[in-house]
Amino acid sequence: MELPRTTKPDIEDREAIDIVGKVIQGKSFDNGDQKYRMLDPEQNEIELKIWASESDNYDIEAGHWYLLERAEGDEYKGDRKLSSNRGEMGVTLLEEPPEFVKVPEDNHSPPLVEGGVLAVDIETVSTVPEHQLDLDNSDHIELLCIGVGFTPQAGSPGRSQVLFREGTGVDDERELLEQFCEFVNSRSPDQLRLFKGDFDIQHLQGRGKRVDSGSGLEDRVREIFETYEINNLDPLGTLEENYNTPNTYWDIYNHSLNPADWRKDHPNYDGDVDDPTVSNKDIPYFGERFLELCDQKEITREHRTLRELIRHYTVADIDPLFDETE
């Protein structure tokens with residue numbers, strides 16, 4: 001059987017394509033949908049999605065090569081993905097890799113980490129209304145806090161903490177980034193670890209550029225991501241779908257905010273507006289109020305309460321990253 005030599009760059013939005021690839025990960029979700037990560041013959045990573053209504057038509061396992069026929073292209077923001085084409089996609093298991101694949105089979109194995117691991121996760125506030133927010137634009141984002149955790153030895157539990165911005169001013173955000181640089185460089189880790197961290201890396205550097213007052217902060221932030229090895233974890237699904245993360249509940253904290261006030265009009269919130277669980281859509285609003293209270297220069301009960309709420313939420317995103325150190 002002659003196999004197609006198509007690769008990820010050949011995928012076009014809403015167009016059918018025949019392609020071969022090796023499945024390296026698969027995940028089923030609570031709603032019945034399935035997602036797979038696969039490598040094409042040139043080792044480009046492609047995501048394949050199969051909707052719940054079509055999942056019974058396919059039997060796909062990680063570690064095997066498959067021929068996909070009539071898969072449908074799905075391009076979003078330049079990233080080319082595949083879907084099962086409303087059940088029209090055909091899947092054939094290949095007994096061996098195509099002969100034209102030259103890359104060793106184990107080239108995708110993650111490197112072993114022998115020394116220190118430093119985990120990073122940022123939380124942000126927005127500078128524009130939600131309907132105008134462009135998450136790729138560092139002018140629309142400001143840093144609220146930076147969650148960091150460190151273990152000196154891979155495989156050992158990490159110790160996590162949150163570096164907070166202490167006011168709404170540019171100087172406050174600059175000081176937060178200075179703290180971050182000091183925290184990382186003083187520990188000199190063998191690896192920085194993030195979960196789907198493109199957003200974090202982009203905006204740590206983007207905000208460093210924007211608040212630099214000539215002190216060289218922009219360069220110091222950039223050098224962190226050039227100096228240390230980066231392990232940007234990118235499994236299928238969200239952090240909560242991959243790890244047992246503790247929830248943060250806004251209704252057990254004493255503060256003046258009601259998330260229903262912003263959730264009901266939020267363009268990307270589709271849950272129960274009275275859900276007591278804090279989501280990533282809520283943090284910018286809690287963060288904005290926290291920073292306002294910081295500016296008052298008086299440590300009130302609400303200030304302490306919101307600080308603890310944000311700290312708990314952020315640490316819950318950091319601690320699971322050390323599960324990957326084994």
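Helices α6 and α7 pack with their axes 9 Å apart and at an angle of about 140 degrees; axes here are lines fitted to C-alpha atoms over the stretch in contact, and angles run from 0 to 180 degrees between N-to-C directions. This is a predicted model, where local features need pLDDT of at least 70, side-chain atom pairs count only at pLDDT 80 or more, and totals for chains, interfaces and linings use all residues. Residues are numbered from 1 along each chain as its sequence is written, and side-chain values use heavy atoms, leaving out hydrogens and water.

So how do the two helices sit? α6 and α7 are oblique to each other, because angles under 35 degrees count as roughly parallel, over 145 as roughly antiparallel, 65 to 115 as roughly perpendicular and the rest as oblique.

Now for the loops. Most residues other than glycine have a negative phi.

| Residue | Phi | Loop |
|---|---|---|
| Q43 | positive, about 70 degrees | between β2 and β3 (45–50) |
| K297 | positive, about 60 degrees | between α6 (283–295) and α7 (301–318) |

Helices (H or I, at least four residues) and strands (E, at least two) are DSSP runs, numbered from the N terminus.

K297 is exposed, at 66% relative accessible area, while R37, at 15%, counts as buried. The cut-offs are under 20% for buried and over 50% for exposed, with partly exposed in between (1.4 Å probe, protein chains only). R37 belongs to strand β2 (residues 34–39).
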